[in-house]
Amino acid sequence: MGETNALVQRNKLLKRETALATAAIYESMFGAEDGSVPATYQVIYMTGWKEHESQPRAKRRGSATVSFHDIKKQFGNT
């Protein structure tokens with residue numbers, strides 16, 4: 001699923017025995033009678049950045065030339 005681990009001192013190898021034991025425990029807890037094993041997961045997106053002098057700065061409050069009301073009238077409620 002493309003997970004990454006940001007820990008510096010992580011164990012980079014997942015031992016076969018660990019994976020098999022985890023699968024067996026999960027199957028015993030959540031397995032269905034037909035042999036299937038339902039699973040759900042959450043997708044969490046995170047973005048990080050560090051400020052830099054080359055980044056654009058926000059405009060001064062009130063400096064917009066178009067209002068949200070005008071945009072809503074032009075494009076509707078989509």
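Me: What percentage of the 78 residues count as buried?
Reply: 0% of the protein's 78 residues do. Buried means under 20% relative accessible area, exposed over 50%, and partly exposed in between, with a 1.4 Å probe and protein chains only. This is a predicted model: local features need pLDDT of at least 70, side-chain atom pairs need 80 or more, and totals for chains, interfaces and linings use all residues. Residues are numbered from 1 along each chain as its sequence is written, and side-chain values use heavy atoms, without hydrogens and water.

Me: What makes helix 2 hardly covered?
Reply: Helix 2 spans residues 68–75, and the count of buried residues among its 8 residues is 0. Helices are DSSP runs (H or I, at least four residues), as are strands (E, at least two), numbered from the N terminus. The protein has 2 helices and 0 strands.

Me: Which residue follows helix 2?
Reply: Glycine 76 does, with a positive phi near 80°.

Me: How many aromatic pairs does the structure hold?
Reply: It holds 1.

Me: Why is the pair of tyrosine 26 and phenylalanine 30 called tilted?
Reply: Rings of Phe, Tyr and Trp (its six-membered ring) pair if their centres lie within 6.5 Å; planes under 30 degrees apart are stacked, over 60 edge-to-face, the rest tilted. Here the centres are 4.7 Å apart and the planes at 50°, so the pair is tilted. Both residues lie in helix 1, 4 residues apart, separated by about one helical turn.

Me: Why does tyrosine 26 count as partly exposed?
Reply: Its relative accessibility is 32%, so tyrosine 26 falls between the 20% and 50% limits. Phenylalanine 30, at 43%, also counts as partly exposed.
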